[in-house]
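Here's a quick tour of a protein model, written for someone just starting out. Have a look at the sequence and the 3D view, then read on.

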2 protein chains.
Amino acid sequence: MYRSLFSLLLVVAVTQSTLVAQTWQSLPDNVPAPSANLQMPEKVELGKKLFFDPRLSLTGTVSCNSCHNIMEGGDDGRPTSMGINGLTGERNAPTVWNAGFQASQFWDGRVASLEDQSKGPIVAAPEMGMPNHEFALERIRQVPGYKQEFQQVFGTFDSIKIDHVAEAIAAFERTLITPGSRFDDFVEGDASALSAEAQQGMRLFDEIGCTECHSGPAFNGWTSQDEAPEFVEFPRFDSSHVEMYELKKDRGRFEQQVQQLIAFLSSLEGPFPEITLPRIPSNPGASIISESNSAP
Amino acid sequence: MYRSLFSLLLVVAVTQSTLVAQTWQSLPDNVPAPSANLQMPEKVELGKKLFFDPRLSLTGTVSCNSCHNIMEGGDDGRPTSMGINGLTGERNAPTVWNAGFQASQFWDGRVASLEDQSKGPIVAAPEMGMPNHEFALERIRQVPGYKQEFQQVFGTFDSIKIDHVAEAIAAFERTLITPGSRFDDFVEGDASALSAEAQQGMRLFDEIGCTECHSGPAFNGWTSQDEAPEFVEFPRFDSSHVEMYELKKDRGRFEQQVQQLIAFLSSLEGPFPEITLPRIPSNPGASIISESNSAP
């Protein structure tokens, strides 16, 4: 409790001293790709197909998009995510939208890259449920329609490794970004992009401490200068926050301030990119999903 | 056995007498819509969202597209289809591609329209698993983002009925067609659209009896003049077919004929339409899927 209170005081001090210095940044037009996995259109297109292909799950029913549904918010709208056979995990799926602008992946930030993240759910029992990566790779090798693309992008099909699959999926995920919000336009110089109310909300967003965690172009603490993620205690603020600001005493002008914050937050929503459905290669005449759904 | 043989003889007779008269038809550019559910762009767009929305299933994990995956062959590539909680039915999902060109729906043709078909899986226990249609409608009513569209298309949101949902989904499904194959071009007068080999295969396709069942522009027995479906015994041909044509005696020219038929059948594949991902309205801040996945 003492520690939390101390942290909060420190936070307030930092926030106040940097109030004017807060630097707003617009969302970049592309995600920096690691040198070991450079972006190329063919790789992105292959990754898109793999992202949408439910055959990467044991039962042939759960794709990456099942839980990270980019038709909706990039997640699944469930309290906890559900994988094969109705199994649920302990957490819900984080959004994949703008995930490339994070310094770490998974809710607990336990891996550094989209590549490393993408390998996990494939072999997680309550997610895509493959017994091991080799089993998933063998499934992919049974789809002749993937041969040409893997050959073109990675120079092999019969000998593909899980890293190839991960690199293609990560390359596609780096395209799932939403620059072009009204906020982005404002930061880039279009003063008319934000209403006076939203500008008040923007000032408040900094003033009351939101930017302590939600800073940077993606409002997730990430900046392009970051090499490693920074981890902080969660929850960042405890009930002392409520007491200190007497949030329950008198809503007063807060009612107006809430509207200003909403106006500002609404301006952060970038346009939904037009994404065409991939054509996943089929293997007509036979099913590569066994009726028993069991590993061999 | 006698009956089958008799049928086969009849078939051969009919086929030979109509060899020249066989009328090839190209796939129409649109599916005739029933007068009670005329096509309109807003209805199609709403139906597209509903078709892709997994919240129409009890667990929030199975959409129409889960089993009728239009990114692939319009089906799910499984031996039998899998719905919520890993449950499987007795059959696999028929393709939704060009389903509007059928005189009946489901493998046993038990309903006449796409509208009637679309209502079934929503409340089928091993498919989308909703306890009843009203439960599904209440789920939809919990998504504010659907309000404006239902209001615009059907004039109501609070009082939507399952027929509205079915009509929108069916309207979208009537756009899932693949005209423009090389066969279509050939039938419409472009003599260069089919190779000599494919033209031989086309003649064979009629001559050996394929068109007995696979006639009409969609090769499913349907023509635009059909008012009711015609049901025939299945399998249509039994082993007497093998004996009559001595199929196992000497493959001889059949090896060449198989190539011709393949060349012809390959020409039936129409272009994969470019379909952009719908944006399914989200309900941020709360999940409308209960953790227990149980009906109230």
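Of the 296 residues in chain A, 45% are buried. Keep in mind that this is a predicted model. Chain A has 11 helices and zero strands, and its contacts tell you something about the fold: among those with a separation of 6 or more, 68% are between residues 24 or more positions apart.

**Helix H9, in both chains**

- Start with H9 of chain A, which covers residues 196-207.
- Which residues of H9(A) are buried? They are Ala198(A), Gly201(A), Met202(A), Leu204(A), Phe205(A) and Asp206(A).
- Just past H9(A) sits Gly209(A), with a positive phi of about 105°.
- The buried residues of H9(B) are Ala198(B), Gly201(B), Met202(B), Leu204(B), Phe205(B) and Asp206(B).
- After H9(B) comes Gly209(B), whose phi is positive and near 105°.

- Look for Glu90(A) in the loop between helix H3 (64-67) and helix H4 (114-122) of chain A.
- Is Glu90(A) buried or exposed? Its relative accessibility is 79%, so Glu90(A) counts as exposed.
- Thr61(A) is 29 residues away from Glu90(A) along the chain, and their C-alpha atoms are 20 Å apart.

**Salt bridges within a chain**

- Side chains of opposite charge can pair when their charged atoms come close. Over all chains, the count here is 21 salt bridges.
- One of them joins Lys49(A) and Glu149(A), with the closest N and O atoms 3.1 Å apart. Lys49(A) is in helix H2 (residues 41-52) and Glu149(A) in helix H6 (residues 147-154), so this pair ties together parts of chain A that are 100 residues apart in sequence. Both Lys49(A) and Glu149(A) are buried.
- Another is between Glu115(A) and Arg174(A), at 2.9 Å from N to O. Glu115(A) belongs to helix H4 of chain A, while Arg174(A) is in the loop between helix H7 (162-173) and helix H8 (182-187), 59 residues apart. Glu115(A) and Arg174(A) are both buried.
- In chain B, Asp108(B) and Arg91(B) pair up at 3.3 Å, N to O. Both lie in the loop between helix H3 (64-67) and helix H4 (114-122) of chain B, so the pair ties together parts 17 residues apart in sequence. With 34% relative accessibility, Asp108(B) is partly exposed, and Arg91(B), at 45%, is partly exposed too.

**Where the chains meet**

- The interface puts 34 residues of chain A in contact with 34 residues of chain B.
- How much area is buried between chain A and chain B? It's about 3,000 Å², and carbon and sulfur atoms give 58% of that. On the chain A side, Met71(A), Leu277(A) and Arg279(A) lose the most area to chain B, together 23% of what that side buries.
- One salt bridge is counted between chain A and chain B: Arg55(B) meets Glu72(A) at 4.0 Å, N to O. By class, the side of chain A touching chain B has 14 nonpolar, 13 polar and seven charged residues.
- Four residue pairs are in polar contact across the interface of chain A and chain B.

Note on methods: Residues numbered from 1 in each chain as written. Chains lettered and ligands numbered in written order. Predicted model: local features only at pLDDT ≥ 70, side-chain atom pairs only at ≥ 80, totals over all residues. Heavy atoms only, no water. Buried < 20%, exposed > 50% of the residue type's maximum accessible area, 1.4 Å probe, protein only. Helix = DSSP H or I, 4+ residues; strand = E, 2+ residues; numbered from the N terminus. Contact = heavy atoms within 4.5 Å. Buried area = accessible area lost by both parts, 1.4 Å probe. Salt bridge = Lys/Arg side-chain N within 4 Å of Asp/Glu carboxyl O. Polar contact = N/O pair within 3.5 Å; in protein donor to acceptor, adjacent residues only side chain to side chain. Nonpolar A, V, L, I, M, F, W, Y, C, P; charged D, E, K, R; others polar. Expected span 1.5 Å × (residues − 1).
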